[in-house]
Amino acid sequence: MKSLLTKEAYEEINQRIEQLTENSERGWGKMSVGQMCWHCQYPLQLAIKNKPNTSKGNWFIKTFFKKSLYNDKPWRKNLPTAPQLKAKEEKDFKTEHTLLKNLVNDFYAVRDREEWYPHPAFGPFTKEQWGQVQYKHLDHHLKQFGV
């Protein structure tokens, strides 16, 4: 599984993000390209901030979904989205695109950090799993928009 903590995957994701335009059309789902760029920011922010928490995660999610976050099997189209990560209004593509690129850069910049706190919903991840889940989420949505 590719990891956003490796130079190769980081460069690949950056190149693909650069290919997005405000006219990029989705292949599935309801989000516009601006909304997708906004949606992809939260998981990166969560990992970058790396705030301590006592969460052990949601047992249902951990039992039935967690391993799919960082394995090689692609996610299926139209998976449900957590309500707080659904864009309820249109988002400005240029603004959200720039913010997403900056967050990808910020995530890669912390690649040597050794202590990674648990995800509030999924519980503990290893450093490698954090990199894999970030890559897989971005890959899924970039494919959604044909890049």
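**Figure 1. Helix α6 and its cover.** In this predicted model, 16 of the 18 residues of α6 are buried, leaving the helix mostly covered. From its first C-alpha to its last, α6 reaches 26 Å, close to the 26 Å expected at 1.5 Å a residue. Gly-146 follows α6 and has a positive phi, near 75 degrees.

**Figure 2. The contact of α5 with α6.** The axes of α5 and α6 lie 12 Å apart, and the two helices pack at an angle of about 160 degrees. Because angles over 145 degrees count as roughly antiparallel, α5 is described as roughly antiparallel to α6. The crossing of α5 and α6 is left-handed. On the α5 side, Leu-100, Val-104 and Phe-107 take part, and they meet Trp-130, Gly-131, Gln-134 and Leu-138 of α6. Five residues of this contact are nonpolar and two are polar, with no charged residue.

**Figure 3. Helix α1 and its buried residues.** Helix α1 covers residues 7-18, and its end C-alpha atoms are 16 Å apart. This agrees with the 16 Å that its twelve residues should span at 1.5 Å a residue. Buried residues in α1 are Ala-9, Tyr-10, Glu-12, Ile-13, Asn-14, Arg-16 and Ile-17. The elements that cover them include α5 (93-109) and α6 (127-144).

**Figure 4. Glu-12 in helix α1.** Glu-12 is part of helix α1. Its relative accessibility is 19%, so Glu-12 counts as buried, the cut-off being under 20%. When residues up to four places away in sequence are not counted, Glu-12 touches Lys-2 and Tyr-135.

**Figure 5. The contact of α1 with α5.** Helices α1 and α5 have axes 11 Å apart and pack at an angle of about 175 degrees. That angle makes α1 roughly antiparallel to α5. From α1, the contact is made by Lys-7, Tyr-10, Ile-13, Asn-14, Ile-17 and Glu-18. From α5, the residues are His-97, Leu-100, Lys-101, Val-104, Asn-105 and Tyr-108. Sorted by class, six residues of the contact are nonpolar, three are polar and three are charged.

**Figure 6. The contact of α3 with α5.** Helix α3 (residues 41-49) crosses α5 at roughly 30 degrees, and the two axes come within 10 Å. This crossing is left-handed. Gln-41, Leu-44, Gln-45, Ala-47 and Ile-48 represent α3 in the contact. Their partners in α5 are Glu-96, Leu-99, Leu-100, Leu-103, Val-104, Asp-106 and Phe-107. The contact of α3 with α5 has eight nonpolar, two polar and two charged residues.

**Figure 7. Two residues in the loop between α4 and α5.** Glu-90 lies in the loop that runs between α4 (59-64) and α5. With a relative accessible area of 53%, Glu-90 is exposed. Leaving aside neighbours within four places in sequence, Glu-90 is in contact with Ser-32 and Gln-35. Val-33 is 57 residues from Glu-90 along the chain, and their C-alpha atoms are separated by 9.5 Å. Asn-78 is also found in the loop between α4 and α5. Most residues other than glycine have a negative phi. Asn-78 is not a glycine, yet its phi is positive, about 65 degrees.

Notes
Residues are numbered from 1 along each chain as its sequence is written. This is a predicted model: local features need pLDDT of at least 70, side-chain atom pairs count only at pLDDT 80 or more; totals for chains, interfaces and linings use all residues. Side-chain values use heavy atoms; hydrogens and water are left out. Helices (H or I, at least four residues) and strands (E, at least two) are DSSP runs, numbered from the N terminus. The expected span of a helix is 1.5 Å times one less than its number of residues. Buried means under 20% relative accessible area, exposed over 50%, partly exposed in between (1.4 Å probe, protein chains only). Contact means heavy atoms within 4.5 Å. Axes are lines fitted to C-alpha atoms, for helices over the stretch in contact, and angles run from 0 to 180 degrees between N-to-C directions. Angles under 35 degrees count as roughly parallel, over 145 as roughly antiparallel, 65 to 115 as roughly perpendicular and the rest as oblique. Ala, Val, Leu, Ile, Met, Phe, Trp, Tyr, Cys and Pro count as nonpolar, Asp, Glu, Lys and Arg as charged, and the others, Gly among them, as polar. A crossing is left-handed if the near helix is turned anticlockwise from the far one by less than a right angle, and right-handed if clockwise.
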